[in-house]
Amino acid sequence: MPYIFAIKDKELKEGELGFASPGGISVVLIKKEGKLYALRNKCSHMWCAFRGAHLDGYILKCPCHDWRYDIRTGEFIDAPEIKLDTYPVKRQGEDILIEINDQPKQRTGIKEA
Ligand code: FES
């Protein structure tokens, strides 16, 4: 799959959450220490979106019931076998692009055996 536009680099502030829907998939984007992360904007618990979520270091806390995820891996801190989908992300000029696959590996948030 090709990379598609998600957000302008200048619109994504260091340590803050950015939101976009490239390819119709709602994602949360984070720039942390210059690196970029893209995760599905849908909590694995009860599907809340992350708008209003708190970011503490590399830990994203869901605003609904405080489930915490490592943005580097998408892993739920209390049970790493539960994951948010993560997407490859890169800069191209002034744009941030992500790669959306038709079938994300962890669409349900549960790792397959
Ligand atoms: S929906 Fe995210 S913790 Fe419940």
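1. Phe-19 has Val-28 in β3 as its bridge partner, and β2 and β3 are joined by four bridges and run antiparallel. Strands here are DSSP runs of E with at least two residues, numbered from the N terminus, and two strands pair if DSSP finds at least two bridges between them. In the hairpin of these two strands, six residues lie between β2 and β3, and Gly-23 takes a positive phi near 65 degrees.

2. The model is predicted, so local features need pLDDT of at least 70 and side-chain atom pairs count only at pLDDT 80 or more, while totals for chains, interfaces and linings use all residues. Residues are numbered from 1 along each chain as its sequence is written.

3. On its other pairing, β3 meets β4 in the antiparallel sense over six bridges, with Ile-30 standing opposite Tyr-37 in β4. Two residues separate these strands in their hairpin, where Glu-33 in the turn has a positive phi of about 50 degrees.

4. Five of the six residues of β3 are buried, that is, each has 20 or more other C-beta atoms within 10 Å of its own, the C-beta atoms being placed from the backbone.

Notes:
A residue is buried if 20 or more other C-beta atoms lie within 10 Å of its own, exposed if 12 or fewer, and partly exposed in between; C-beta atoms are placed from the backbone.
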